[in-house]
Amino acid sequence: YDDWYLPSKDELNLMYTNLHLNGYGSFDVSSGSYYWSSTEFEDQNSYDTNGFEAAWLQSFDDGSQNTYDVGVKSFENSVRAIRNF
């Protein structure tokens, strides 16, 4: 299949609200576990990333979305690809 893609931060938040909170999806909910989104951080200059680019992340532990500290693209985080249907 060639229709898999990395979800946006809004699509990940929908997955948190509609799947995870209803007991579906087997998401990693350990503290500090985040899932990458395809949404890049809009304003790279608003905080110090030490020259690294950042993207938005979704926590399935508490539902928060973050970019700073954990969203630097060289960091390791989980991914959850989704398909068009």
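Select Tyr16 to begin: beyond its neighbours within four places in sequence, Tyr16 is in contact (heavy atoms within 4.5 Å) with Leu21, Gln58, Ser59, Phe60, Asp61, Asp62 and Gly63. You are looking at a predicted model, in which local features need pLDDT of at least 70, side-chain atom pairs count only at pLDDT 80 or more, and totals for chains, interfaces and linings use all residues. Residues are numbered from 1 along each chain as its sequence is written, and side-chain values use heavy atoms, with hydrogens and water left out.

**Next stop: helix H1.** Select residues 9–18, where the buried residues (under 20% relative accessible area, with exposed over 50% and partly exposed in between, using a 1.4 Å probe and protein chains only) are Leu12, Met15 and Tyr16. Because they span an arc of only 100° around the axis, they sit on the same side of H1; the arc is taken from the directions from the helix axis to the C-beta atoms. An α-helix has 3.6 residues a turn, so residues three or four places apart point the same way. Turn to the other side of H1 and you find Asp10 and Leu14, which are exposed.

**What does the buried side of H1 pack against?** Show S2, S3 and strand S5 (82–83): the buried residues of H1 pack against these. Helices (H or I, at least four residues) and strands (E, at least two) are DSSP runs, numbered from the N terminus.

**Now the core.** Select Leu12, Met15, Tyr16, Phe27, Tyr35, Phe60 and Ile82 together; these seven residues form the largest nonpolar core. Such a core is a set of buried Ala, Val, Leu, Ile, Met, Phe, Trp, Tyr and Cys residues joined through side-chain atoms within 4.5 Å. H1 supplies the largest share of this core, three residues.

**On to the strands.** Strand S2, residues 34–40, is mostly covered, with five of its seven residues buried. S2 pairs with S3 in the antiparallel sense over four bridges, where pairing requires DSSP to find at least two bridges between two strands.

**Finally, zoom out.** The protein has one helix and five strands, following the pattern β-α-β-β-β-β along the sequence. Buried residues account for 32% of its 85 residues.
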